[in-house]
Amino acid sequence: MHALVVYESMYGNTQEIAEAIGQGLAGTARVDVVEVGSAPATIADDIDLLVVGGPTHAFSMSRATTRRDARSEQATVSSGDGIREWLRSLGPVAVAAATFDTKMHKPRLPGSAARGAARHLKHAGCRLVTRPETFYVADKNGPLVDGEIQRAAAWGNRLASLVGGRTSSR
Ligand SMILES: Cc1cc2nc3c(=O)[nH]c(=O)nc-3n(C[C@H](O)[C@H](O)[C@H](O)COP(=O)(O)O)c2cc1C
């Protein structure tokens, strides 16, 4: 199995989660974990599982305006477009997929980048292998809440067992 994990991250927390998911998958799969700015323009035929994640900004995936806000507060990881723009640029893609996000533990606000990304991938033709998953940060710029790295690794491990190969929801 070959898995591709694409993440966006402003302050590094989603990056840490993406890397832990990649470690969880690595027991079963060959894994590439890539920042969205380096993500491929198309999904190669040998990818069996696509995992996409980003920070929740203003109740959903980030936009240019929210990323500008984050960068004005010392965010340093993703410097270009986010997963919203990358997903839009992908076009139809029939592959097993899963999505995740990070958001604040408190206050617990509605909305989720992972849910937005999942909707997009489903419409693009992906089969979602599990519900969108959220991992929590203690404050706007982190750190991750205790135990979230381990939970992400376990989630990655479970994803591998949920994938039955390249398939379409249509
Ligand atoms: C502009 C902006 C908007 C945000 N909006 C939300 C939100 O609606 N809900 C939430 O729980 N967290 C929100 N957050 C907190 C982010 O989810 C948090 O910064 C992110 O999970 C950290 O991940 P990162 O280090 O990978 O960027 C927001 C943060 C920023 C910078």
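Modeller: Start with burial. Buried means under 20% relative accessible area, exposed means over 50%, and partly exposed lies in between (1.4 Å probe, protein chains only). This is a predicted model, where local features need pLDDT of at least 70, side-chain atom pairs count only at pLDDT 80 or more, and totals for chains, interfaces and linings use all residues. Residues are numbered from 1 along each chain as its sequence is written, and side-chain values use heavy atoms, without hydrogens and water.

Biologist: Why does glutamate 16 count as partly exposed?

Modeller: Because its relative accessibility is 40%.

Biologist: Which residues does glutamate 16 contact, leaving aside its neighbours within four places in sequence?

Modeller: Contact means heavy atoms within 4.5 Å. Beyond those neighbours, glutamate 16 touches Leu144 and Ile149.

Biologist: In which helix does glutamate 16 lie?

Modeller: Helices (H or I, at least four residues) and strands (E, at least two) are DSSP runs, numbered from the N terminus. Glutamate 16 sits in helix H1, residues 13-25.

Biologist: How many helices and strands does the chain have?

Modeller: Five helices and six strands. Their order along the sequence is β-α-β-β-α-α-β-α-β-β-α.

Biologist: In which sense do E1 and E2 pair?

Modeller: Two strands pair if DSSP finds at least two bridges between them. Strand E1 (residues 2-7) and strand E2 (residues 30-35) have six bridges, in the parallel sense. For valine 5, the bridge partner in E2 is valine 33.

Biologist: What makes up the largest nonpolar core?

Modeller: A nonpolar core is a set of buried Ala, Val, Leu, Ile, Met, Phe, Trp, Tyr and Cys residues joined through side-chain atoms within 4.5 Å. The largest has 23 residues. Ile21, Phe100 and Trp155 are among those with the most contacts inside it. Elements giving two or more residues include E1, H1 and helix H5 (148-162). H1 gives the most, with five residues.

Biologist: Which residues does tryptophan 155 contact, again leaving aside neighbours within four places in sequence?

Modeller: Among them are Ile21, Val51, Phe100 and Phe135. Apart from this core lies another, of 22 residues, including Leu4 and Met61.

Biologist: What share of the chain is buried?

Modeller: Of its 170 residues, 51% count as buried.
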